[in-house]
Amino acid sequence: QVQLVESGGGLVQAGGSLRLSCKASGRTFSNHRMGWFRQAAGKEREFVAAIRWSIGSTYYADSVKGRFTISRDTAKNTVYLQMNSLKPEDTAVYYCNADLPSWSDPGASWGQGTQVTVSS
């Protein structure tokens, strides 16, 4: 069973940057995908970005493409989400997810979430 612990959320002004981290433990991830999803108040959880653990290939939601970058450090078993040019509509709880069965569908393992708030 995999455990995921997110960190790095906070309050930032529009146009600012934040970096989220997701420390994974419990097993190795080999060729699996890991990703980030987010859920704004009153809305459904949505896909943000994903990465294939073994080779680092990535995939992004159109809403964040060009602003967000997902990466991983295999030695630290950690996935990152660098968020630049943040907008108020990026405000949400961000969740780390493991074992995505496809590039944008969630797997079964979730972190506890970290709040990102972007002020205008």
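Modeller: Before we start, two strands count as paired if DSSP finds at least two bridges between them. Keep in mind that this is a predicted model.

Colleague: Which strands stand at the edges of the open sheet that has β1 in it?

Modeller: Let's walk along the sheet: the order is β1-β3-β8-β7, with antiparallel pairing. β1 (3-7) and β7 (68-73) each have a single partner strand, so one side of each is left without a neighbour in the sheet. That puts at the edges β1 and β7.

Colleague: Moving on to β4, how many of its 7 residues are buried?

Modeller: Buried here means under 20% relative accessible area. Strand β4 takes in residues 33-39 and is mostly covered. Its buried residues number 6.

Colleague: Which residue stands opposite R38, and in which strand?

Modeller: β4 pairs with β5 (residues 46-52) over 6 antiparallel bridges, and there G35 sits opposite A50. β4 is also joined by 6 bridges to β9 (residues 92-98), again antiparallel. In β9, the residue opposite R38 is Y94.

Colleague: Last one: in the hairpin of β4 and β5, which residue takes a positive phi?

Modeller: Look at the 6 residues between the two strands. The phi there is near 80°, and the residue is G42.

Methods: Residues are numbered from 1 along each chain as its sequence is written. This is a predicted model: local features need pLDDT of at least 70, side-chain atom pairs count only at pLDDT 80 or more; totals for chains, interfaces and linings use all residues. Side-chain values use heavy atoms; hydrogens and water are left out. Helices (H or I, at least four residues) and strands (E, at least two) are DSSP runs, numbered from the N terminus. Buried means under 20% relative accessible area, exposed over 50%, partly exposed in between (1.4 Å probe, protein chains only).
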